[in-house]
Amino acid sequence: MTTSYCFSSTRNPITYSNFFQNQENVKEGGELPGMAQAFNISSNTASAISICIAVAALSLPLFMKTLAQGLSLKIKILSYATLLFGFFMAWNIGANDVANAMGTSVGSGALTIRQAVLTAAVLEFSGALLMGGHVTNTMQKGILVANVFQGKDSLLFAGLLSSLAAAGSWLQVASFYGWPVSTTHCIVGSMVGFGLVYGGPDAVFWSSLARVTSSWVISPILGAAVSFLVYKCIRRFVYSAPNPGEAAAAAAPIAVFVGVTAITFAAFPLSNKLPVALAQALGCGTLGAFLVNNIIRKQLGHLLAKSKSTHQDTHEESAPKNIGFLSDIAGPTGTQLEIVYGVFADMQILSACFMSFAHGGNDVSNAIGPLAAALSILQGGATGGEIVIPLDVLAWGGFGIVAGLMMWGYRVIATIGKKITELTPTRGFAAEFAAASVVLFASKLGLPISATHTLVGAVMGVGFARGLNSVRAETVREIVTSWAVTIPVGAVFAVVYTWILTKFLPHVF
């Protein structure tokens, strides 16, 4: 089912047919569209954006507090280089993982490529800045046993930089070809590869690693389960309602209340006291629900009035008499379908923001964890102690994600949005809302889960809710294969880069 007839005239000034046709050409051996074509801008404008980002990446570290401390010139130069390594990794996270946050919104037609990237830029940066510290603590000292490298600071430093370079290199290859791989897999595989080769089995926190890797299995299952339930609830309580349009308009504020309350409680608590923090979150959720309800009534009020006045309800005639939670329910048609898709297109924009914020908070750790540990070694921090992550370093990781997102993010956005299962606003909302909830919950617990795993699982869950044949097994198989390859490739790259750096660093460290 295509949804363009509902949105092309009011929502999307840019059509997606050319973009997704280009994505299909990639599958047949063609080339991905360039930045100018993807964003419908001139080549000169695209070049200017790229140059501005490159200049900012090279100059901003010079003004960071991290380099303004009373350090020797040699340490400042190494710190500057370390920040660039971290930026390289963060850039590639943005280039590859944008599909996790925005792929379903673009796939269903709720957002244009340009709108998706600009929205994600703000939310990814905010999530990295406000939530990034939780998971970064796990990534910087929960994978490698730093004490094994006691007295070998130069080697540990080389390994951390090599892990960033190795993960970033593989992500860049994957992004170039439009493969959606797991950035979490990549950095963890790189760090473990370095640890095993240069420190032995004792250099890896196996219990912590087991906790991290188990989340990679659990997260897609949770994503699939939650999205399955959300989509079934939509079909049961919206599609089967006597007036599906009115039911959708009533359900939207409830979903917003849940999402805003969860984000506020997880990321913006004003107090350490649970009752105060909970009251604040509930208040923000209530305000969000009130605003969304008013917006929906204002935008779709004329259609809601029309749906109430008409007596034609083809949906009701085709619905089964005994409706259960897992029953196959025929969808609404005509004005009712237009209202339902209109409501959930707005809702999907909000869920995409929810997912983007959660993703920024979780995946920035893949760059900032090793970066913060490397900076601590350079600046005299204890290798096994608590590492304080400066706010400007978190912001630097957020900037790197946004830069990669804007320059190469469009390259992988279609795979999740179009190739796993056909998406509409209701299906896209269910997948994004479920994935964002799982990722945000994991971020709060400090679990570096794979956002790619979670969203792919969520999209599959929506497909399973429609029937097993609705999921494209070939695409899922390709994605899972890329996940499996990512870990050993990252490990090999890390070992090779460490060997190169250990030949160079003794002369400058």
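**Rings, cores and contacts**

A: Let's start with rings: Phe87, Trp396 and Phe399 are linked into a cluster by ring pairs. Rings of Phe, Tyr and Trp (its six-membered ring) pair if their centres lie within 6.5 Å; planes under 30 degrees apart count as stacked, over 60 as edge-to-face and the rest as tilted.

Q: Before we go on, what kind of model is this, and what goes into the values?

A: It's a predicted model, where local features need pLDDT of at least 70, side-chain atom pairs count only at pLDDT 80 or more, and totals for chains, interfaces and linings use all residues. Residues are numbered from 1 along each chain as its sequence is written, and side-chain values use heavy atoms, with hydrogens and water left out.

Q: OK, back to rings. How many aromatic pairs turn up in the whole structure?

A: The search finds 10 aromatic pairs. One of them is Phe176 with Trp408, a tilted pair at 6.0 Å centre to centre with 50 degrees between the planes. That pair links distant parts of the chain, since Phe176 is in helix α8 (residues 153–176) and Trp408 in helix α16 (residues 391–408), 232 residues apart.

Q: What share of the contacts joins residues at least 24 apart?

A: It's 86%, taken among contacts between residues at least 6 apart in sequence. Contact here means heavy atoms within 4.5 Å.

Q: Which residues touch the most other members in the largest nonpolar core?

A: Met89, Leu156 and Leu371 do, in a core of 77 residues. Another core, of 49 residues, lies apart from it and has Val238, Phe344, Phe354 and Met355 among its members. A nonpolar core is a set of buried Ala, Val, Leu, Ile, Met, Phe, Trp, Tyr and Cys residues joined through side-chain atoms within 4.5 Å.

Q: Tell me about Met89. Where is Met89, and what is Met89 in contact with?

A: Met89 is in helix α6 (residues 73–108) and counts as buried at 0% relative accessibility. Leaving aside neighbours within four places in sequence, Met89 is in contact with Leu164, Ala167, Gly168, Leu171, Thr183, Ile187, Asn366 and Ala367.

Q: How about Leu129, buried or partly exposed?

A: Leu129 is partly exposed, with a relative accessible area of 26%. Its place is in helix α7 (residues 113–141), and Leu129 touches Leu391, Leu394 and Ala395, not counting residues up to four places away in sequence. Leu129 and Gly398 are 6.6 Å apart, C-alpha to C-alpha, though 269 residues apart in sequence.

Q: How many salt bridges are there?

A: The count comes to one salt bridge, where the rule is a side-chain nitrogen of Lys or Arg within 4 Å of a carboxyl oxygen of Asp or Glu. The side chains of Glu246 and Arg297 meet there at 2.9 Å, N to O. Glu246 lies in helix α11 (residues 244–267) and Arg297 in helix α12 (residues 274–309), so the pair ties together parts that are 51 residues apart in sequence.

Q: Last one: how many disulfides?

A: The count is zero, with a disulfide taken as a pair of cysteine sulfur atoms within 2.5 Å. As for individual cysteines, Cys284 is partly exposed, with a relative accessible area of 31%, and Cys353 is buried at 18%.

Conventions: Helices (H or I, at least four residues) and strands (E, at least two) are DSSP runs, numbered from the N terminus. Buried means under 20% relative accessible area, exposed over 50%, partly exposed in between (1.4 Å probe, protein chains only).
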